Amino acid sequence: MSDRPGPSRMHRRTFLQASAKAAGAAAGAAALGFPAVLRAQVPTFKVGAVHPITGPLAEPGQACRLGAQMAADAINSAGGIKSLNGMKIDLILGDTQTKPDVGRTEAERVINQGAQMLMGSFDSGTTQAMVPVAQQRRVPFLVDIAAADPITANVAKAVKEGQQKTQYVYRNFPTGSSFGKKAVQYFTEVFQEAKVSPKRVVLMYCNDLFGQNNAKGFQAAHAAAKPSWDIVEVIPWPEPPQDLSTEVSRAKAARPDIIAPITRPASAQLLLPEIRKQRLDIMGIVGPGSPGLYEAGQLATLKEDLEYVMSSLPWANFKNPRTQKVAEDYQKRSGGKTFDTNSGYSYDGILLIADILERAKSTDPDAIVEAIHKTNWSGGLMQYAGPVTFNELGDNPNAVTTMIQILGGKPVAVWPREAAVQKFVFPRPKA
Amino acid sequence: MAPGGRGPEVRVPASQGVSRLDAALIAQSLLSGLLFGGVYSLMAVGLTLIFGVMRVVNFAHGDMMVWGMYLAWLLATRAGIDPYVGFVGCAAALFGLGYLIQRALVDRVVEAPHEMQILLMLGVALVLENSALVAFGPDPQRVRSPLRAATVWLGPVFVDVARLVTFVLAMLLTLALYLFLTRTDLGRTMRAAADNLYGARVIGADVGRVYAVAFGIGAACVGAAGALVSPILPFQPAGGLGLSVASFNIVIIGGMGSLPGAFLGGLLVSVAESLGAVFLSPSMKELVSFSLLIVILLFRPAGLFGRAAT
Amino acid sequence: MRWLALVALVVLLALPAWLNSYAITVFIFIFFYAFLGQAWNIVGGYAGQLSAGHAAFVGIGAYASAVLSAQAGLTPWLGMLVGGVLSAGLGTLVGYLGFRFGLRGFYFVLLTVAFAEVCRIVALNTDAVGGALGYYITFTGNPRQFQFQDNRAYYYIALGLMLVATAVVAAIERRRFGAYLIAIREDEQACEALGVNTFRYKMLAMVVSSFLTGVGGTFYAFYLFSLQPNSVFGIPLSVEIVIRPIVGGAGTVLGPILGSFILSPLAEASRVYFGQGGWAGAHLVAYGLLLIAVVLFLPQGAYPALRRLWLRTAAR
């Protein structure tokens, strides 16, 4: 476009530019300030519950949100936080879209709308992006689900080195390293209890954040524990995969006794039928812990391919009658889904927050952090190795996994003994 | 110590690797790769047709395919129609969608700068992906078909029957399309419009209609592809992008606008990835197809079977 | 006169005094994506070489400065330059391969996508940079480590980045370099026929563009503290970089800024207002429809359309 703008045209053009910018700024500011004004002044304690509601992790994210909502409803209908005059818990919901920049923005948004604590956010990458917000704004952040060790460890280190005054980020979920240790321990114990000695384990995993983290933790724990069984082959695949036939052929060539898969729902739907099709002669499929091997949707699609599959997962304590009731409720409200790791830990997260508030007797962030340090709570629905406490890194050392197995088309806890609801079946019966 | 880090250092023992001399494994991966190539080919055929005729890059390709898969799933679960029969319905539905998209949207930007076409199809992709999310939820699904479990063993290697059927159907579909383009009037007009738009107009071809039909047929192929692979591939709304990228790879390597190119390109890419999964780490197998893509782009951008002039 | 642009600038500089932290965050992303879009604008808008792989440069800049900071204690204030240089290195490679081998239009697009994907897959499989787990940067709030306790500091840095990139683009547009780029975009063969060294100018555009984008990568790293290969090298980020200039007007100085001011608040608003009620995903449908509407009704981008409108009303 050939223009020769004279001085007056330049004036108008720059005016246009300037006003576009200013208008955008003003409109933006107005639109963003608005919700805060609209929100009525009701004395509730606001928790920002931020999870991936859309995007590739939408399925677990939506489960987390529902679990949190159900827990908040339960607390409120039981009278709210008694030490704060029956103050109710109000959830401000956020959607991270599974993106770190959106996660950060959502954290800021819910805090702007009055959130006094944060909870979230399932995937470690996005959770990590929310950590600086918690530290900058002094908002205690309870990580309900996210396994990457650095999320809390980095903050603890910064506090130790004096770069940050207080740690505001705490986690009630097994860390990546604890996943691995427990898995190796359970593998060995189960083999011993079943009185068999498989030697060759082939580890197959989805090459995404969770899969890699878990696989590395598993291998490291194995190297440290030196059990009688070996990991003879490690096969990662790009997630989500379109085809796993070559990967399974490769596993078969390693003559495995056990296949140890770390999957996501989509890859599990490919992997398990492939294992059957290629007629792998194995004692069993025992996973170090991953989604995809127990959900109601997976069971409906994979049916008998999932039978006898074991997986070492954070799991709900179904021996607790409260858990049963909540699980039934959850099934109704979610349209048939299982009360599992995701919904469960988010549920417990809100219960835990309620306990922390009861003891803090205040909504001041530092008082809340004080109360967090003193936590010794046994009111959760998930399977723990002891009461919930927080160590010097901000993690709960008693958050552990449980070995579950699909028996009769249902996932049940089978190991350790104190958690077991049924006896495990291992080796799996010959087809 | 400076801040940051990746958490505790983890010493990862190296994988013991696969004996390269394991002939059965290599033979199996070649066979699996070849059969799965049928799936890839099916995906690519629709894309290459649209580009070949209209020079429009359909960035919503993967998401259309996902819709084809969901439609097949609906037919299978609500009406009990097996996808190997129902794919015709999916093709028809997507033909309609493609025709509509072309007439209403793409037609308006055929003359516009490239970026606008890309943006338009990206917008369409977003709408398709997220309406699928709203309609069907985020869980991955798979269509159950009686062929799922069928395998035929030839000694130490096996043939996955479902994939074999898809392979055969991909071949037949490509053949049918080829015949359409070469033997029918409409097909010939399409090719004329592709080769020489001005000339086609001069001889009175209704280019608008030709384009719309071309887009419709391309979309129909994608719909059929989606239906036919729905028993094989788990699908979820977020999966469209990955399918689009994979399809672009195949089409470029095979040759944009070339039907045999799309078919053979699909086989080639699948076999290459399969061998990559055997000799490298399987998580790097996509590296193989991207490297192949870069090489083709540099040294033979028309693709292995495409026409030399762009 | 320039004083009105100055007024806009003063408004933006003063805004943090009135805005809450959430609004500041939204503005930070507006400025940051405008910056990235502006950097892209040089090679994609002015030179007309569409790159859909600019995320690769963001990623390289981000990982480089993050790793250097954590392993070698190099302050990111310097690390960002290293990151920029490394990104420029990749840009040189991609540009060389693309332009030497005569790749145009869609083929060049695909080349850039392929390189970005290769970077992503390599990062996913490289333990030294965290692999799929990603790289986690410790938040210390120490300005020497390019971190700040106060969100407002990031606001000014992002604003500064956006202004620097805009100044660069404005300078390019004014000079002969810019004229060459536009000519190359409009008709490359004519340029070559006239003896213009199109290869050299395209390469220069690519190098400048990738350098700036790499510097932006450092901001990304030390604002989000979380580097995931799929996020920082992924196609969705490349798309975010590209749509702002295209919607705002590719090849104009203000296009990327205008585009960012349109798209970011809209994405934000549609997520906040649609995403709440269990219609998960509806807001992205709205976003997609918006993109389609922009293409159909404002095919040259918002800025040229606005300008035409203004000129028409001004002419009365």
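Reader: Among contacts in chain B between residues at least 6 apart in sequence, what share joins residues at least 24 apart?
Author: This is a predicted model. In chain B, 77% of those contacts join residues at least 24 apart in sequence. For chain C, 76% of the contacts with a separation of 6 or more come from residues 24 or more positions apart.

Reader: Which helices and strands make up chain B, and in what pattern?
Author: Chain B has 11 helices and 2 strands. Along the sequence the pattern is α-α-α-α-β-β-α-α-α-α-α-α-α.

Reader: What makes the radius of gyration of chain B agree with a compact globule?
Author: Set the value against the rule. The globule rule is 2.2 Å times the number of residues to the power 0.38. For 310 residues, a compact globule would have a radius near 19 Å. Chain B has 21 Å, which agrees. Its C-alpha trace spans about 70 × 55 × 40 Å along the principal axes. Of the 310 residues of chain B, 58% count as buried.

Reader: Why is chain C called as compact as a globular protein of its length?
Author: Chain C has 14 helices and 2 strands. Its radius of gyration is 20 Å, close to the 20 Å from the globule rule for 316 residues, so chain C is as compact as a globular protein of that length. The C-alpha atoms of chain C fill a box of roughly 55 × 45 × 40 Å, taken along the principal axes. Of its 316 residues, 63% count as buried.

Reader: Why is B:Leu49 called buried?
Author: Count its neighbours. A residue is buried if 20 or more other C-beta atoms lie within 10 Å of its own. B:Leu49 has 29, so B:Leu49 is buried. The residue is found in helix α1 of chain B.

Reader: Which residues is B:Leu49 in contact with, leaving aside neighbours within four places in sequence?
Author: They are B:Leu177, B:Ala214, B:Ile217, B:Gly218 and B:Cys221. Take B:Ala214. B:Leu49 and B:Ala214 are 165 residues apart along the chain, yet their C-alpha atoms are separated by 7.3 Å.

Reader: How do you know that the span of helix α5 of chain B agrees with its number of residues?
Author: The helix covers residues 161–183, which is 23 residues. At 1.5 Å a residue, α5(B) should span 33 Å. Its end C-alpha atoms are 32 Å apart, which agrees.

Reader: Which residues of α5(B) are buried, and what do they pack against?
Author: The buried residues are B:Ala162, B:Arg163, B:Thr166, B:Phe167, B:Ala170, B:Leu173, B:Thr174, B:Leu177 and B:Leu181. They pack against α1 (23–54), β2 (157–160), α6 (185–195), α8 (207–229) and α10 (259–279) of chain B. An α-helix has 3.6 residues a turn, so residues three or four places apart point the same way.

Reader: What makes α11(C) mostly covered?
Author: Of its 14 residues, 11 are buried. Among them are C:Leu237, C:Ile241, C:Arg244 and C:Pro245. Helix α11 of chain C (residues 235–248) reaches 20 Å from its first C-alpha to its last, close to the 20 Å expected. Just after the helix, C:Gly249 takes a positive phi of about 130°.

Reader: How many residues of chain B are in contact with chain C, and which helix gives the largest share?
Author: 39 residues of chain B are in contact with 46 residues of chain C. On the chain B side, α4(B) supplies the largest share, 14 residues. By class, that side has 27 nonpolar, 8 polar and 4 charged residues.

Key. Residues are numbered from 1 along each chain as its sequence is written. Chains are lettered from A and ligands numbered from 1 in the order in which they are written. This is a predicted model: local features need pLDDT of at least 70, side-chain atom pairs count only at pLDDT 80 or more; totals for chains, interfaces and linings use all residues. Two residues are in contact if their C-beta atoms, placed from the backbone, lie within 7 Å. Helices (H or I, at least four residues) and strands (E, at least two) are DSSP runs, numbered from the N terminus. Ala, Val, Leu, Ile, Met, Phe, Trp, Tyr, Cys and Pro count as nonpolar, Asp, Glu, Lys and Arg as charged, and the others, Gly among them, as polar. The expected span of a helix is 1.5 Å times one less than its number of residues. A residue is buried if 20 or more other C-beta atoms lie within 10 Å of its own, exposed if 12 or fewer, and partly exposed in between; C-beta atoms are placed from the backbone.
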